Amino acid sequence: EKLPAPVRGMHSNVSAAVGVARVERGRHPLAWIAAKMMSFPPSRAETPAEVRFSKRGNAELWSRQFGKHPFSSLQYQGTGKSARLLIERFGALEFAMALVLEDDVVRLVLRRWRLFGVALPLWLAPRSNAYETTAENGAFRFFVEITHPLCGLIVRYDGWLRPKRERSRQQFLHPPDELLHRHSLAHVVHRIGFQHVAEAFRRIT
């Protein structure tokens, strides 16, 4: 099995997870505006974190709480030109990302983005460095850094999570095997239906 166990477990039958997060916000006025648009939390050296997962039609809502600050995003499988990609939506902003497996790290690579439904050139997009892996304590580790040439750092947050003992959430996206390729950088569906991804990897490797 190539997917790290904490990553595979977090995206299978977990309805909520708790842990610790750190947040750093950029100081440029444009960075402040961008972070505000996506409701990112203020800077925190270390704060309790909780994430809840709930179904919204063919999508999944990730409701995050870092300290006292809530923020959320909607995630769903792309179609058309964004087929084989994961879409994550923060309000009017949509980001289409490829899931890339590198050893024991799952990376999200930005391929397309839209504002109010209008596709924008990729060179205008924020730069992102986002991945999931195993933390030193054996928990699920996440790291997200978003920057832009015009303003530098917008936000950087990272931390670890462990599944909360609650009723498991249902799987609702079942990516077909043909979307997964041995050498493809566009593995479908990040954070949703990971046990299906893991099973597909076992069959093709």
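Predicted model: local features only at pLDDT ≥ 70, side-chain atom pairs only at ≥ 80, totals over all residues.
How many aromatic pairs does the count come to in this protein chain? Residues are numbered from 1 along each chain as its sequence is written, and side-chain values use heavy atoms, with hydrogens and water left out.

Let us start with the overall plan. The protein chain has three helices and 11 strands; helices (H or I, at least four residues) and strands (E, at least two) are DSSP runs, numbered from the N terminus. Reading from the N terminus, the order of elements is α-β-α-β-β-β-β-β-β-β-β-β-β-α. Of the 205 residues, 51% count as buried, where buried means under 20% relative accessible area, exposed over 50%, and partly exposed in between, with a 1.4 Å probe and protein chains only. The accessible surface comes to about 10,500 Å², and 54% of that surface belongs to carbon and sulfur atoms; these areas come from the Shrake-Rupley method with a 1.4 Å probe, and for residues only the protein chains shown count as cover. Contacts, meaning heavy atoms within 4.5 Å, also tell us how the chain folds back on itself: among those between residues at least 6 apart in sequence, 51% join residues at least 24 apart.

Now back to the opening question: the count comes to 11 aromatic pairs. Rings of Phe, Tyr and Trp (its six-membered ring) pair if their centres lie within 6.5 Å, and planes under 30 degrees apart count as stacked, over 60 as edge-to-face and the rest as tilted. One of the pairs is formed by F40 and Y157, which is tilted, with 6.0 Å from centre to centre and 50 degrees between the planes. This pair links distant parts of the chain, since F40 sits in the loop between α2 (29-37) and β2 (44-56) and Y157 in strand β11 (residues 152-163), 117 residues apart. F40 is buried, with a relative accessible area of 3%, and Y157 is buried at 5%. Another pair, F53 and W62, has ring centres 4.5 Å apart and planes at 80 degrees, so this pair is edge-to-face. Here too F53 is buried, at a relative accessible area of 6%, and W62 is buried at 4%. Ring pairs also link F40, F66, F71, F90, F142 and Y157 into a cluster.

W62 has a polar partner as well. The side chain of E60 makes a polar contact with the side chain of W62 at 3.0 Å; a polar contact is a pair of N or O atoms within 3.5 Å, where within protein one must be able to donate a hydrogen and the other to accept it, and residues adjacent in sequence count only if both atoms are side-chain atoms. E60 is found in strand β3 (residues 59-66) and counts as buried, at 2% relative accessibility.

P29 has a relative accessibility of 57%, and the C-alpha atoms of P29 and I154, 125 residues apart along the chain, are separated by 9.7 Å.

Finally, consider the charged side chains. The count comes to nine salt bridges, each a side-chain nitrogen of Lys or Arg within 4 Å of a carboxyl oxygen of Asp or Glu. E24 and R156 meet in one of them, at 2.5 Å from N to O. That pair links distant parts of the chain, with E24 in strand β1 and R156 in strand β11, 132 residues apart. E24 is partly exposed, at 39% relative accessibility, and R156 is partly exposed at 25%. R64 and E88 form another salt bridge, at 3.1 Å from N to O, and both R64 and E88 are buried.
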